[in-house]
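Okay, everyone, thanks for coming. Let me put my structure up on the screen, and then I'll walk you through it.

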Amino acid sequence: MGEMELPTVREALPGDEAAWRRLWAGYTSWYKAHVPDDVTAATWARILDPGSAIFCRVAESDGHVVGFAVCILHAGSWVVDPICYLEDLFVDPGARGVGVGSALVQDLIDLGRSRGWARLYWHTQTGNEAARRIYDRFTAVDDCVRYQLVLT
Ligand SMILES: CC(C)(COP(=O)(O)OP(=O)(O)OC[C@H]1O[C@@H](n2cnc3c(N)ncnc32)[C@H](O)[C@@H]1OP(=O)(O)O)[C@@H](O)C(=O)NCCC(=O)NCCS
């Protein structure tokens, strides 16, 4: 793609809803997942709710929101300070390869340092090479494997 301004990363705002929903649809279809409309609505509502542990950072480039990181802050038993889980990371296919994804991760590191989070973590599918190329630059992969039971 052509020259693109380096993205600015900021907190998602109510006016970002249409852009976020468009990117979210791209993200869930990338995972070939169906997220019901009421879940998407609840997630967006929680993102905007300062009382919720979910928050969202958006990357803006040339005046357009081109990517997002949805995160959850939670407590931990090994540390006193909050831990940040990066649950969802997505960059518009037309804006990839120029550093937007990396900027979203770097923003969380900067934010976490300034807000006193103890840790930032995330996981991805073993074969997600595009994502892992970024992640490997920030830290080494550990040897945990994930077990998950769907309960509802
Ligand atoms: C993973 C993802 C967020 C990366 O976003 P991005 O903005 O392309 O990331 P960056 O530009 O910071 O880094 C991408 C890397 O791929 C390279 N790249 C070059 N051209 C590219 C292209 N057309 N598309 C993708 N990556 C490209 C970049 O140069 C960079 O590697 P390098 O720094 O070693 O050169 C994005 O591909 C995405 O949304 N994928 C689908 C959803 C997903 O996998 N999310 C993560 C799930 S955990």
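Let's start at the ligand: one of its oxygen atoms sits 2.4 Å from an N or O atom in the side chain of Ser102. I'm calling that a polar contact, meaning a pair of N or O atoms within 3.5 Å; within protein, one must be able to donate a hydrogen and the other to accept it, and residues adjacent in sequence count only if both atoms are side-chain atoms. Taken alone, the ligand exposes 910 Å², and the protein buries 74% of that. Those areas come from the Shrake-Rupley method with a 1.4 Å probe, and for residues only the protein chains shown count as cover.

Quick caveat: this is a predicted model, so to speak of a local feature I need pLDDT of at least 70, and side-chain atom pairs count only at pLDDT 80 or more, while totals for chains, interfaces and linings use all residues. Residues are numbered from 1 along each chain as its sequence is written, and side-chain values use heavy atoms, with hydrogens and water left out.

Back to the ligand. An oxygen atom of the ligand is 3.4 Å from an N or O atom in the side chain of Arg96, and there's an oxygen 3.5 Å from a polar backbone atom of Val100.

How many residues surround the ligand? It's 20, and the closest are Gly99, Gly101, Ser102, Arg133 and Arg137. Near, here, means that a heavy atom of the residue lies within 4 Å. Which element gives the most to that shell? That's H4, with five residues. Strand S4 (83-91), helix H3 (100-115) and helix H4 (129-138) each supply at least two. Helices (H or I, at least four residues) and strands (E, at least two) are DSSP runs, numbered from the N terminus.

Zooming out, the protein chain has four helices and five strands, running β-α-α-β-β-β-α-β-α from the N terminus. Its C-alpha trace spans about 45 × 35 × 30 Å along the principal axes.

Last stop: Thr28, in helix H1 (residues 17-30). Buried or exposed? Thr28 is buried, with a relative accessible area of 11%; buried means under 20%, exposed over 50%, partly exposed in between (1.4 Å probe, protein chains only). The Thr28 side chain reaches the backbone oxygen of Ala25 at 3.2 Å. Leaving aside neighbours within four places in sequence, Thr28 is in contact (heavy atoms within 4.5 Å) with Ala33 and Val35.

That's my tour, thanks!
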